[in-house]
Amino acid sequence: MTEQGLSIGTVKIIHKIIRPSLQLACDDDVISKNPADGCTKDYIYNPEKKFALTFDEEEEFLTRITLRPRMKRYYPMYAIILKTGLRISEAIGLTWNDRSMDDREISINHQIQYRLLNGTTQLYATDTKTSAGRRTIPMTDEVYQLFIEQKKVWMNTKKEPDFEVDLCEKV
């Protein structure tokens with residue numbers, strides 16, 4: 001399968017689907033041995049290493065946003081993501097109720113996904129990636145100011161959404 005261009009991760013996902021089906025055939029004595037047993041042992045998964053931006057790279061990224069007139073309005077949200085460590089799906093799922101300006105806290109209790117669901121690709125809200133993902137993040141003074149700026153941006157561009165996000169079970 002890898003020779004056909006599939007990644008090792010994809011091969012392993014396919015294996016996770018096929019192996020249990022063949023095991024049922026073994027359990028029902030339709031076949032004597034599961035041919036999928038052990039067939040992925042030679043596939044060693046070495047995920048690409050990810051590196052965090054350095055402070056200089058982060059600063060350069062944010063500076064480049066401010067230099068482009070059409071991008072300036074995105075500065076507060078990009079900066080909030082960088083300064084808090086939020087995942088993109090968590091950041092776009094934030095509601096104004098998820099942050100407490102008085103307590104200076106951000107509550108991460110859901111995320112937004114864009115996936116195939118019920119035959120169509122759509123946005124939906126779901127639980128965080130892991131239970132540890134449900135957390136409260138304290139706001140620094142800088143993040144507090146960025147949320148004030150983000151609110152101004154939102155108020156200036158506010159429009160009725162042309163979609164609805166449903167809360168669904170984890171896919």
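W96 is partly exposed, with a relative accessible area of 24% (buried means under 20%, exposed over 50% and partly exposed in between, with a 1.4 Å probe and protein chains only). The model is predicted, so local features need pLDDT of at least 70 and side-chain atom pairs count only at pLDDT 80 or more, while totals for chains, interfaces and linings use all residues. Residues are numbered from 1 along each chain as its sequence is written, and side-chain values use heavy atoms, with hydrogens and water left out.

**Surroundings of W96**
- W96 and W154 form an edge-to-face aromatic pair, 5.6 Å centre to centre and with 65 degrees between the planes (rings of Phe, Tyr and Trp, the last by its six-membered ring, pair if their centres lie within 6.5 Å, and planes under 30 degrees apart count as stacked, over 60 as edge-to-face and the rest as tilted).
- Because W96 lies in the loop between α4 (88-93) and β1 (99-100) and W154 in helix α5 (residues 141-157), the pair ties together parts that are 58 residues apart in sequence (helices, H or I with at least four residues, and strands, E with at least two, are DSSP runs numbered from the N terminus).
- W154 counts as partly exposed, at 32% relative accessibility.
- K151 lies over the face of W96, at 4.5 Å from the ring centre (a charge sits over a ring if NZ of Lys or CZ of Arg is within 6 Å of the ring centre and within 35 degrees of the ring normal).

- F61 lies in helix α2 (residues 55-67) and Y78 in helix α3 (residues 75-84), so their pair ties together parts that are 17 residues apart in sequence.
- F61 is partly exposed at 35% relative accessible area, and Y78 is partly exposed at 31%.
- One aromatic cluster is formed by F61, Y74 and Y78.
- The charged end of R104 sits over the ring of Y144, 3.7 Å from its centre.

**Packing of α3 and α5**
- The axes of α3 and α5 are 8 Å apart, and the two helices pack at an angle of about 150 degrees (axes are lines fitted to C-alpha atoms, for helices over the stretch in contact, and angles run from 0 to 180 degrees between N-to-C directions).
- Residues of α3, including Y75, M77 and I80, meet residues of α5, among them V143, F147 and V153 (contact means heavy atoms within 4.5 Å).
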